[in-house]
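Hi everyone, thanks for coming. I'd like to walk you through one model today, so please have a look at the sequence and the structure before we start.

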Amino acid sequence: MESNDRRVLITGAAGFIGAHVARHLSAQGWEVSGLDLRAGEGIIGCDLRSDDLPEETFPHVVHLAALGGVRPSMDRPLDYIETNVSATLRLLEHAVKKGTRRVVFASSSSVYGPTEGRPSREDDVLNPCSPYALTKIQGEEWGRLFAEKHGIDFIALRLFAVWGEGQRPDLALESFRRKIAAGETVQIHGDGRQRRDFTHVSDVVRAIEAALAWQGRGFEVFNVGTGVNHSVNDVLRKAERLAGKRAEVAYGPEHAADVPVTLADVAKAKDLLGWEARVSFPDSAP
């Protein structure tokens, strides 16, 4: 991308991934502005579903704001449509109006659905099995349309099971650690042999930076994962080490929104973005 203008707007800037992205890009010399429902230092309080968006022009936007989680989306599909689809469309309309050149969009590995254990490629047929996954596909498709009709660059990064410092308390590793530390029983859906491609937040941040710098144009999709997966039981063992004691565990029925396996084929990101993961779960973060 031919631009020396290093101004970037980050939506969801107060969230887990957003906070890491904002710190990293600032350290790399980017002029960072943030939007979030929660206003804070350097962050504008803004509800993308209804509030006025900034009048300032930002050449680059990193769109992270969303309702997350496949399981809660089963009970709140309309909330997920409003937040993950309608708000994304409002942002895209604003981006075109203000002359934004590139939008980097946080999509999800959940768009692939059940895969029978094989690595997911960006050109696979998508088979979402939750409202959350469907909203991420819809976000990608709106981005494709705006890239084709309005000439913006829209890069969707399909993130695989992001973990690391500051992660949401409902995510498996942190949820398990807290319950173990508190002496509470850890509830696991299924037998714990479900496998996930766990991607450290520091690697996600580098992928976003690479997408901002990519010299390609138009619409593109990249997997952001490690190409290696681990079982939920592996996560449990890691949480026990972090908590310093053994867990009390109750296994139950599988959840309808869960898939047995996630695993990324990361060749495309390596070839085109020059990116690959550096941190392997459950290794210690850098």
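Let me begin inside: the lining of the largest cavity is made up of six nonpolar, two polar and two charged residues. For those classes, Ala, Val, Leu, Ile, Met, Phe, Trp, Tyr, Cys and Pro count as nonpolar, Asp, Glu, Lys and Arg as charged, and the others, Gly among them, as polar.

A word on the source, since you will ask: this is a predicted model, where local features need pLDDT of at least 70 and side-chain atom pairs count only at pLDDT 80 or more, while totals for chains, interfaces and linings use all residues. Residues are numbered from 1 along each chain as its sequence is written, and side-chain values use heavy atoms, with hydrogens and water left out.

Back to that cavity. A cavity here is a set of points, on a 1 Å grid over the protein atoms alone, where a 1.4 Å probe fits but cannot get out, and lining residues have an atom within 4 Å of a point. Grid points are joined across faces, edges and corners, and the volume is the space filled by probe spheres set on the points. Searching the whole structure gives two cavities of 30 Å³ or more. The largest holds about 70 Å³ of space. Around it sit Leu9, Pro54, Glu56, Phe58, Val61, Leu91, His94, Ala95, Lys98 and Thr100. Helix α3 supplies the largest share of this lining, four residues. Helices (H or I, at least four residues) and strands (E, at least two) are DSSP runs, numbered from the N terminus.

What about the second largest cavity, and what is its volume? About 40 Å³. Its lining divides into five nonpolar, six polar and no charged residues. Among the lining residues are Ser109, Phe160, Val261 and Thr262.

Let's stay with threonine 262 for a moment. You will find threonine 262 in the loop between β13 (248–252) and α8 (267–273). Is threonine 262 buried or exposed? Its relative accessibility is 9%, so threonine 262 counts as buried. The cut-offs, with a 1.4 Å probe and protein chains only, are under 20% relative accessible area for buried, over 50% for exposed, and partly exposed in between. Leaving out residues up to four places away in sequence, threonine 262 touches Ser109, Phe160, Arg195, Arg196, Asp197 and Asn229. Contact means heavy atoms within 4.5 Å.

Now two helices. The expected span of a helix is 1.5 Å times one less than its number of residues. Helix α4 (residues 131–150) has 20 residues and should span 28 Å at 1.5 Å a residue; its end C-alpha atoms are 28 Å apart, which agrees. Its buried residues include Pro131, Tyr132, Lys136, Glu140 and Phe146. Among the elements covering the buried residues of α4 are α3 (77–98), β5 (102–108) and β6 (153–159). Just after α4, glycine 151 takes a positive phi of about 80°.

Helix α1 (residues 16–27) tells a similar story: its twelve residues should span 16 Å, and its end C-alpha atoms are 17 Å apart, which agrees. The buried set in α1 includes Phe16, Ile17, His20 and Leu25. Cover for the buried residues of α1 comes from elements including β1 (7–11), β2 (31–36) and α6 (201–213). Just after α1, glycine 29 has a positive phi of about 95°.

Next, serine 108, which sits in strand β5. Serine 108 is buried, with a relative accessible area of 7%. Serine 108 and leucine 159 are 51 residues apart in sequence, yet 4.7 Å apart in space, C-alpha to C-alpha. Apart from residues up to four places away in sequence, serine 108 touches Tyr132, Lys136, Leu157, Arg158 and Leu159.

Glutamate 116 has a positive phi, near 60°. Glutamate 116 lies in the loop between β5 and α4 and counts as exposed at 84% relative accessibility. Alanine 161 has a positive phi near 35°. Alanine 161 is in the loop between β6 and β7, and at 27% relative accessibility counts as partly exposed.

Note on methods:
On a 1 Å grid over the protein atoms alone, a cavity is a set of points where a 1.4 Å probe fits but cannot get out, and a pocket is an open set with protein on both sides within 12 Å along at least five of seven lines; lining residues have an atom within 4 Å of a point.
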